[in-house]
Amino acid sequence: EYIPPVCVEIVTRRKVIPLDEGEGIYVRDLRTGAVRAVVGHSHLVQAHEELEKAWDEAKADPEYLAELDRLRRQYVGGPTPLWFAERLTKFCGGAKIWLKRE
């Protein structure tokens with residue numbers, strides 16, 4: 001597997017690099033230095049970098065992380081909480097009914 005040299009000269013910056021089928025480029029992540037090959041489709045360099053920057057900012061926000069944790073617990077297959085079915089309990093004559101999303 002070919003890995004391009006670490007020291008390269010940036011000639012031009014583009015938002016989209018169009019590639020034909022069978023063409024490819026190597027893309028180096030400026031933050032981590034990781035190199036990956038992109039073959040046969042347009043590569044959105046700036047959009048990827050903007051998304052990564054936004055995610056880094058969101059990961060530093062405790063309020064966002066708390067909301068993400070809540071959504072994962074309730075909707076993404078984590079341990080789901082029990083919900084007290086207040087109206088169904090009243091409708092059934094007082095037997096306490098609890099529901100769990102699965």
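**Entry 1: confidence**

Which element of the protein chain has the lowest mean pLDDT, and which the highest? I looked this up before anything else, since I am working with a predicted model. Strand 4, residues 43-44, has the lowest mean pLDDT, at 59. Helix 3, residues 86-91, has the highest, at 92. For the protein chain as a whole I noted an average pLDDT of 76, with 59% of the residues scoring at least 70.

**Entry 2: the fold in outline**

Next I went through the secondary structure. I found three helices and six strands in the protein chain. Reading along the sequence, I wrote down the pattern β-β-β-β-α-α-β-α-β.

Of the 102 residues in the protein chain, 14% are buried. The accessible surface comes to about 8800 Å², and carbon and sulfur atoms hold 58% of that surface. Taking the contacts with a separation of 6 or more, I see that 21% are between residues 24 or more positions apart.

**Entry 3: salt bridges**

Side chains of opposite charge can pair when their charged atoms come close. How many salt bridges does the count come to? The count comes to three, and I took them one by one.

In helix 1, residues 45-59, I found Lys59 and Asp56 three residues apart, about one turn of the helix. They form a salt bridge whose closest N and O atoms are 3.5 Å apart. Lys59 is partly exposed at 39% relative accessibility, and Asp56 is partly exposed as well, at 27%.

I have Glu67 as partly exposed at 37% and Arg70 as partly exposed at 29%.

In helix 3, I looked at Lys90 and Glu86, which are four residues apart, about one turn of the helix. Their salt bridge is 3.6 Å, N to O. Is Lys90 buried or exposed? Lys90 has a relative accessible area of 62%, so it counts as exposed. Glu86, at 47%, counts as partly exposed.

**Entry 4: aromatic pairs**

I searched the whole structure for ring pairs and came away with two. One of them is Trp55 with Tyr64, an edge-to-face pair with 6.3 Å centre to centre and 80° between the planes. Trp55 is partly exposed, with a relative accessible area of 38%, and Tyr64 is partly exposed at 33%.

**Entry 5: a nonpolar patch**

Which residues form a nonpolar patch on the surface? My list reads Trp83, Leu88, Phe91 and Leu99. Together they have about 440 Å² of accessible area. I placed Trp83 in strand 5, which covers residues 82-84.

I finished with Lys53, which sits in helix 1. Its relative accessibility is 54%, so Lys53 counts as exposed. Where does Lys53 stand relative to Arg31? The two are 22 residues apart along the chain, and their C-alpha atoms are separated by 10.0 Å.

Definitions and conventions:
Residues are numbered from 1 along each chain as its sequence is written. Side-chain values use heavy atoms; hydrogens and water are left out. Patches are made of residues with over 30% relative accessible area and no salt bridge: like charges are joined within 9 Å, nonpolar side chains (Val, Leu, Ile, Met, Phe, Trp, Tyr) within 5 Å. Accessible areas come from the Shrake-Rupley method with a 1.4 Å probe; for residues, only the protein chains shown count as cover. A salt bridge is a side-chain nitrogen of Lys or Arg within 4 Å of a carboxyl oxygen of Asp or Glu. Helices (H or I, at least four residues) and strands (E, at least two) are DSSP runs, numbered from the N terminus. pLDDT is the predictor's confidence in each residue, from 0 to 100. Buried means under 20% relative accessible area, exposed over 50%, partly exposed in between (1.4 Å probe, protein chains only). Contact means heavy atoms within 4.5 Å. Rings of Phe, Tyr and Trp (its six-membered ring) pair if their centres lie within 6.5 Å; planes under 30 degrees apart count as stacked, over 60 as edge-to-face and the rest as tilted.
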